[in-house]
Structures are given as structure tokens and as C-alpha cells.
Amino acid sequence: MLLVLAIVIGLLFSIAVYLLLRRSIVKLVLGIIFLSYGTNLLLFVTGGLQSGKPAFVPADGIVQISEVSDPLPQALILTALVIGFGVAAFALVLIYRFYKETGTVDMDELAGGDPS
Amino acid sequence: MILFLPVFLPLLTIVLLLLVRKKLHAQQWISVLASLAQLVVAVQLLVSVYTSGPMVAQAGSWQAPFGITFYADLFSAIMLVTVALLGFILVFYAIGLLDNERKRNSFFVLLQGLFAGVNGSFLTGDLFNLYVWFEVMVIASFVLITLGGTKDQLKGSVKYVVMNLLGSTFFVIAIGLIYGQTGTLNMADLAQKIANQDPGAVTGSAFMLFFVAFGIKAAVFPFYFWLPASYPSAPSPVFAFFAATLTKVGVYVIIRFYALFIGSEIEFWQQIVFVIAAFTMVSGVLMAASSFDIRKILSFHIISQIGYMVMGVGIFTITGLGGAIYFLVHNMLSKTAAIMSGGLVNQMKGSYNLKNLGYIYKEKPLLAFLFLIPALSLAGIPPTPGFYGKLFLIYGGFEAGNIVITIIAILVSVLTLFSMVKIWNEAFWKKPAEETDSKPVSNMAYSATAALVVVLLLFGFATFLLADVFFEASAQVMDKEFYINNVLKITAP
């Protein structure tokens, strides 16, 4: 399972890098979204993978530490997901305004755009 | 509880501001009062940290390595006071200078969001919480930099947004790796766990990722290209806020991390830090020398001056690091003042381009003076604070035997003087190619700039009294055990 996840994370990152390097600004935003997916999965894997073990303790008592998964990475992912969602929403609005303003989605339009 | 106030106050202010969304006057008053309250809290925090040592608080009463720790030592408190002071002055500047459309579109709300993020980053003692505050700060800045939506702004902000998101991603990946290796996110606990042992491949690469992430935020070589492309496109109050806070938080975190987590590998990191500092200083100042736009020159200078701070981190003696902390504060004040007076020039003449400007000294000698003081301070002429900042750094550098980097720093300051003189000559002194009519300058923004310049001068004069505080702060930062004991002592039963 660990190997599969490692490959998936690697794939997500390579897709993200490929998209980030494209000229279209839409693909740039897609790249950012893929990057955050890859990162979230990576956070998940760092907690250690255990199947069939819930990340919480039953209400009636104490449980062996080997019987529960670490809940912290899941809490971290939840936070990172929310942040990633907000950022993706902002980025989409940004490229929409960019398209409205310049009439193109080509990143080459950015060159020489520095105020001088 | 006072430790949570610097974060809580801006968040509360956001709620209040949203309640009076439609009423611009109410928004402005609330912002002014809130900034004043933040300043009072920050000063109180500094006084109590100075008299009775660092303060620690645990969120939700979860004990130290498990809960989120808030920690304030002298360094954090100094940074909080500086940011609060600048915030207080800049709110008036923004009220005076910013156009009503931007003000109505939640400018003041976003500003408080920015402060919440910045103050949180200064206070937190938890890695993931630091990431959250970074995001609060960065998202507020995303909206601030695009606010108004002109073509230039959108072009600049695309670069800004993408680079900062990449930085954040590196940061989270590093946090994940660290957590997987050590099982802790508390900075004191982590420093204790990895102290005096070979970090190994995973932890080592995590720290390299941290360095890249903060390097992007702090705009050091070779990660700084987003800064001159994006900052100048924002209106001058926003530009001033960004120059005062964002990159400086990056430097703050670099100093913290360097002191806490770099143990046995200090020689390796010192080499990296020196090389990066040298390239940052030199490339920033050279690009500033070749620009002909006030905003561009000033934003390349931000980069160049970041190099000095990073150099202080590399020297890592009490004098060197104290110099870096002093330089950080001086730079926040001087740079902001220079940008503010640049904004006034633009309001008066409608241009930032040096080729179109001229004779401002003849028309408004006081405005010329308001630019001259921060410019001399940036170049390092006594008795401005810039002189003392460079003095401490250069003295520290020679004392520690880092000759090459110190000589580079001295040469860069000559070039800094050159580009400041260029702005002075072109904008204030020379006869313009064609005389243009001057528009009236906002009095409130004018007075705010004057107030900051007065603060800057007082800070310079008071250096003899204040220097000890900075060296004390530097000693506290450098003492890793001090930090660990202070944070973890509460947990001892």
C-alpha cells in the first residue's frame, strides 16, 4: 500500500510540475491544485499507514496505542484541504479577471508586464 | 492571556469591520482604534518580556508538546511592536492616500487579516500553526495586491500568487517529513529531539525545503524574482504594508529556525547562507542601480537589504545576530518611510518615473526632506539608524572573522548610496524636461509620513540606549536551551 501511495504521490507531483511549466494560465491553476493534492497525500502517508484502525478512542475506555492510527496527520490534512480550497477559489477568480482584462490565457502576456 | 491578544485583536476587528461594511467612515475609525489598541498591547508585551523574561501560553490548556504553544521572547516582542507601530502610522497613510473604491472593497478588513497572520507568525511555537499563520497572511496579501484589478496589478499578482503558493507547498511537505521522522510539531520539542545528532537524509532534506520555502517568502537570491515584478504594481499604501511586513516575517522565521534547529551542521549552513547573502545583496543593488522607476528601485533595495539580514544570520554571534535584528527593525521603518514619500511624489506628479520628475525640492522642500532621511538611513549615513545597523553587522562580521562577506557588505552600501542619490538627483533636484502641474497632496498621508520619519530619527538617536535590548534579544534567540526550557517547563508536573 505504501508503495502504491508513493507512486501516486510522485505521479501527482509530476503532473503538477508539468502543468505549472505550461504556458496556459488555466493549466497553471490546475497545476497548483494538483500540487496541493500531492502534498495532502504526502502528509497522510507521513503519519504511518495502518489499515482497519480508526483514528479515535472508543468512549468506554482505554485502548492499546498500537490499535489506533495517529489522528494528527488527518487533522493537518483537513486544515491543509480547507486552505487549499480557499486558495484554489481565489486563483480561479484571479485567472478569470486576468482573462477579462487581457483577453488571453497565454502566460507570455506576463512578460514585460512589469510596471516601468 | 496577553499573548493571544496580538492575534485576537485583529480577528475581532475583522468581525467589527464586516458589521459596518457599507460605512466607510466607521471602518476607518475602527481601523485606527484597533491599530492603536494593537500598539498598546504590543508595547505592554515588550515591557513585560523585558522586565520579567519570556512569556509562554498553551492554547486550550493542552500541555506543551501536544497543544499549540505561543511564545514571546524579546525578539518576537520587538517585531510585534515594530509591526504595530508601522500599522498604526500606515492606517492613516492609507486613509489619506488610497482611492475610495479600494477602501470600500474591504481594504481595511484585509489589512487586519494581514496583521493577524503576521503577529501569529511572530508568536507561535508550533510548526503547523506557523504554516496556518503564513497562509492567513499570504491569502490576505493575495487579495490586497489584486485589489483594484488593473492590468498591471493582475500581471504582477499572478507571479506573486504562484511563487508564494509554491513556497507554502514546500513548507507543508517539509512539515510532513519532519512529523513522520520525529513525531512532533512543537518547535521546542523538535529542537530538543534533533539536537546533537546527525539529521539523516529525510530530516536534512526537510530543512532544505524549509530554507527554500522561507527563502521564497523572504525574497533571497535566487528566489526573489516575484518581488520586483509584483510589489510595485500595487498602490503605494499596499506596497508600504507589504515591504514592512511580508518579507520580514520570512527573515524572522529563518533566524528562529537557524538558531533552533541547526546544530551539528552549522558549518555547512553557514557557507550556504553567506553565499546566498552575498548574491542577494549584490544582485539586488545592481538591479536597483539600473532602474529608473522609484518603486522599482525601492523594491530591488528590499532584496538587497534582506541580504544584510541573512548575512547577520550567517555570522551568528551575539553582535552579528543582534545587528541583524536591529537591521530588520531599521529596515522596516526606513523602507516604509521611503516608500511612503515615494507614494506622495506620485500623488503630486502622477508618475514614478525618474525621467518625468524633477524640481520637487523647489516646490515642496519638506517632502524632499521626508525622502532624504529614510534614503540616507537605507544607505547607512550617521546618525540615522541605518548606520548603526550596518556598523553592528560589519563589526560582528570582522569580529567573527568573516572577512569576505563583510567587505562585500561595505561595497554594496556604496552602491546603495549611489541609487539613493540617483532618486534624489532625478526626482527632487534636477530641472524636469517639461514642467508638469502638481496636484495637491493628501495632508493626512503627508503627516503620517512625517510622523514615521520622526520616529526613524528618534530611533537613530536612541540607539545608544536601545542597543542593549537588541543584543539581549539576540542572546535569547541564540540560546537554544533557553527556548526549550521556557516552552517545556510548564509541562513538568
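Which helix gives the most to the lining of the largest cavity? That's H8(B), with 4 residues. Before we look around that hole, a bit of housekeeping.

This is a predicted model, where local features need pLDDT of at least 70, side-chain atom pairs count only at pLDDT 80 or more, and totals for chains, interfaces and linings use all residues. Residues are numbered from 1 along each chain as its sequence is written, chains are lettered from A and ligands numbered from 1 in the order in which they are written, and side-chain values use heavy atoms, with hydrogens and water left out.

**Empty space inside**

Rolling a probe the size of a water molecule over the atoms shows where empty space is left. Here the search runs on a 1 Å grid over the protein atoms alone: a cavity is a set of points where a 1.4 Å probe fits but cannot get out, while a pocket is an open set with protein on both sides within 12 Å along at least five of seven lines. A residue belongs to the lining if it has an atom within 4 Å of a point. Grid points are joined across faces, edges and corners, and a volume is the space filled by probe spheres set on the points.

Across the whole structure, 5 cavities of 30 Å³ or more turn up. In the table, Ala, Val, Leu, Ile, Met, Phe, Trp, Tyr, Cys and Pro count as nonpolar, Asp, Glu, Lys and Arg as charged, and the others, Gly among them, as polar.

| Space | Volume | Lining residues by class |
|---|---|---|
| Largest cavity | about 110 Å³ | 9 nonpolar, no polar, no charged |
| Second largest cavity | about 70 Å³ | 9 nonpolar, 2 polar, 1 charged |
| Largest pocket | about 540 Å³ | 11 nonpolar, 6 polar, 4 charged |

Among the residues lining the largest cavity are B:Phe207, B:Phe210, B:Phe257 and B:Trp269. H8 and helix H10 (236–261) of chain B each supply at least two residues there. Helices, by the way, are DSSP runs (H or I, at least four residues), numbered from the N terminus.

H10(B) also matters for the next hole: the largest share of the second largest cavity's lining, 4 residues, comes from this helix. B:Phe257 is one of the residues lining the second largest cavity, as are B:Arg256 and B:Tyr483.

The largest pocket brings in chain A. Its lining has 21 residues, of which A:Leu72, B:Pro65, B:Phe66, B:Gly67 and B:Leu185 lie nearest the centre. Helix H3(A) gives the most, with 4 residues.

**Rings meeting rings**

A pair of aromatic rings is described by the distance of the centres and the angle of the planes. Rings of Phe, Tyr and Trp (its six-membered ring) pair if their centres lie within 6.5 Å; planes under 30 degrees apart count as stacked, over 60 as edge-to-face and the rest as tilted. By that rule, there are 48 aromatic pairs over all chains.

Take B:Phe221 and B:Phe279: their centres are 4.8 Å apart and their planes at 20 degrees, so this pair is stacked. B:Phe221 lies in the loop between helices H8 and H9 of chain B and B:Phe279 in helix H11, so the pair ties together parts that are 58 residues apart in sequence. Both are partly exposed, with relative accessible areas of 23% for B:Phe221 and 45% for B:Phe279 (buried means under 20%, exposed over 50%, partly exposed in between, using a 1.4 Å probe and protein chains only).

For contrast, B:Phe459 and B:Phe470 have centres 6.1 Å apart and planes at 70 degrees, so they meet edge-to-face. B:Phe459 lies in H18 of chain B and B:Phe470 in H19, so the pair ties together parts that are 11 residues apart in sequence.

**Two buried polar side chains**

A polar contact is a pair of N or O atoms within 3.5 Å; within protein, one must be able to donate a hydrogen and the other to accept it, and residues adjacent in sequence count only if both atoms are side-chain atoms. B:Thr184 is buried at 3%, and its side chain makes a polar contact of 2.9 Å with that of B:Asp189. B:Gln476, in helix H19 of chain B, is buried at 9%, and its side chain reaches the backbone nitrogen of B:Leu74 at 3.1 Å.
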